[in-house]
Amino acid sequence: MSYPADLLYSPSHEWVKIEGDEAVVGITFFAQESLGDITYVELPAVGDAVTADKEFGSVESVKAASDLISPVNGEVTAVNDALENAPEQINATPYDAWIIRVKLSGKPEGLMDAAAYEEHCKNEHH
Amino acid sequence: MSELRTTPLTAWHAAHGAKMAPFAGWEMPIQYEGILVEHQHTRQHAGLFDICHMGEFLISGPGADAALSQAVSHNLATLKAGRCRYGFILNEQGNVLDDCIVYRFGDDDFMIVVNAACAAGDFATLRARLPESVALKDVSDETAKIDLQGPDSLDVLEALTGENFHGVPYFGFVKTTWDGASLLVSRTGYTGELGFELYVPATKALAFWEALLKDSRVKPVGLGARDTLRLESGLPLYGHELDEHHNPTEAGMGRMMTSEADYVGKAGASEVRQCLLGLEIEGRRAARNGDAVLLDGKEVGVVTSGSFAPSLGKVIAFAWVDKDAADATTFVIKAARAELKAVRAELPFYKDGTARKKLS
């Protein structure tokens, strides 16, 4: 497991990196490990609005499919197109394989720091 | 729910980081390193699979040949000793109760290998179909089944045992020993690759498993990759592509129904109501078991298995499609998150498998 200290985390296992008035969003090491080998990522379009706690896309692995839940409110300014043909990058380097970049509308709420998220993952591990 | 059953290797799997999950009432390894890595390793080198959950029955005694010929669909008249054959246990209507392999040891001496989920039912069915003079013995608990599959499997097995298995043909087997215990080496499998299904006493399972893994060409492979390997190879899985509502002809296996015996279900085994189709799906999003298959907006079938195919780089699926619609070449699949375009594909999906390779 790994929990970079410079990121914030959602209960549904997305990570958020705040850069000024933008947020970069991906899924965590825990999320990719639970899913297994990722074979498909459904990305939103640039310009789409995203809403905190609402779906903005999905990921599929060999065995499972899962919604991507936005940790923030705002508008998509960029998507990581490289994931369309190489979704396995999320398994290999989950904290480099960002999924979307969002121009924030309002301060993110309800996100955890690394220590709180690590505790959250331990509780999900039974 | 009763407790999950364990194999002689369950503790080994857990101790070696496998993700475990229930399968057919057993606690089984789904993956160790990852499904894609294990899949590719099996296609390129050799994968080792714990298949101890499957059932093995011995059938013997005067009249066993004739009686078994009526109990299962296999053509035993042309099955020689030292060979095994794939076929079915059918119900009275001709639909599939289970798919299984029959091994002929002698004139009236057989082993039958069945699916874990069906084993108890199969035993009861066979007992009822065989006369009392024919012995039916369930040896599943004392028998460990370990599959070694992949192009390097022959070399690995020969290196471990010091024996030559080049003479064993596809769907042939030999009985030998390893470390003082019986070992049945069967050139069969469920991956489409050159490989062996190996039967040893359960007490020897762990030692045999660890001895095979000492070879650097061998990696343990879980049921996740077993599923993608068999799917790419166009092999059906009972409970998905085969069930009590479809017969072997519908499943595309009418050609192998050559038995002249009056076996249970024979009359109904060739009536076609639906066809099992292989489908290739556009894009990377997978169709899954239970997704509806549409033709011109009308529901004509259902997906039985679907997955991203690691060796093909695309999504493939099996589906039951109504006979009237089965000649179409393109369909729409109503998946959970989208409608997917599907095109009929020839089986096997993956055509470079080494399973039937001639050995010199």
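Predicted model: local features only at pLDDT ≥ 70, side-chain atom pairs only at ≥ 80, totals over all residues.
**View 1. Domains of chain B.** The domain assignment divides chain B into three parts: domain 1 (10-54 + 141-232), domain 2 (56-138) and domain 3 (273-345). Domain 1 of chain B is written as two segments, 10-54 and 141-232. The C-alpha centres of domain 1 and domain 3 of chain B are 31 Å apart.

**View 2. Where domain 1 of chain B meets domain 3 of chain B.** On the domain 1 side, 8 residues make contact with 10 residues of domain 3. Together the two domains of chain B bury about 730 Å². Carbon and sulfur atoms give 66% of that area. Two elements of chain B each give two or more residues to the domain 1 side: α2 (35-44) and α7 (223-232). That side divides into 2 nonpolar, 3 polar and 3 charged residues. How many salt bridges are counted between domain 1 and domain 3 of chain B? The count is 0. Polar contacts are present, with 5 residue pairs counted between these domains at pLDDT 80 or more for both residues.

**View 3. Helix α3 of chain B and its cover.** Helix α3 of chain B runs over residues 64-71. Which of the residues of this helix are buried? They are A64(B), A67(B), L68(B), S69(B) and A71(B).

**View 4. The interface between chain B and chain A.** Here 14 residues of chain B are in contact with 20 residues of chain A. The two chains bury about 1,400 Å² between them. Carbon and sulfur atoms account for 44% of this area. Three arginines stand out on chain B: R284(B), R285(B) and R337(B) supply 46% of the area that chain B buries against chain A, more than any other three residues.

View 5. In one salt bridge, the side chains of K63(A) and D227(B) meet at 3.3 Å, N to O. Elements α2, α7 and β16 (298-309) of chain B each give two or more residues to the side that touches chain A. Helix α7(B) gives the most, with 3 residues. This side of chain B divides into 4 nonpolar, 4 polar and 6 charged residues.

View 6. R285(B) sits in the loop between β14 (274-281) and β15 (292-295) of chain B. Is R285(B) buried or exposed? R285(B) counts as buried because its relative accessible area is 7%, under the 20% cut-off. From chain A, R285(B) touches Y40(A), E42(A), S58(A) and E60(A). Within chain B, leaving out residues up to four places away in sequence, R285(B) touches V315(B), R337(B), A338(B) and L340(B). The side chain of R285(B) makes a polar contact with the side chain of Y40(A) at 3.3 Å. Another polar contact joins the side chains of R285(B) and E42(A) at 3.0 Å. L154(B) is 131 residues from R285(B) along the chain, and their C-alpha atoms are separated by 36 Å.

Definitions and conventions: Residues numbered from 1 in each chain as written. Chains lettered and ligands numbered in written order. Heavy atoms only, no water. Domains from an automatic or database assignment. Contact = heavy atoms within 4.5 Å. Buried area = accessible area lost by both parts, 1.4 Å probe. Salt bridge = Lys/Arg side-chain N within 4 Å of Asp/Glu carboxyl O. Polar contact = N/O pair within 3.5 Å; in protein donor to acceptor, adjacent residues only side chain to side chain. Helix = DSSP H or I, 4+ residues; strand = E, 2+ residues; numbered from the N terminus. Nonpolar A, V, L, I, M, F, W, Y, C, P; charged D, E, K, R; others polar. Buried < 20%, exposed > 50% of the residue type's maximum accessible area, 1.4 Å probe, protein only.
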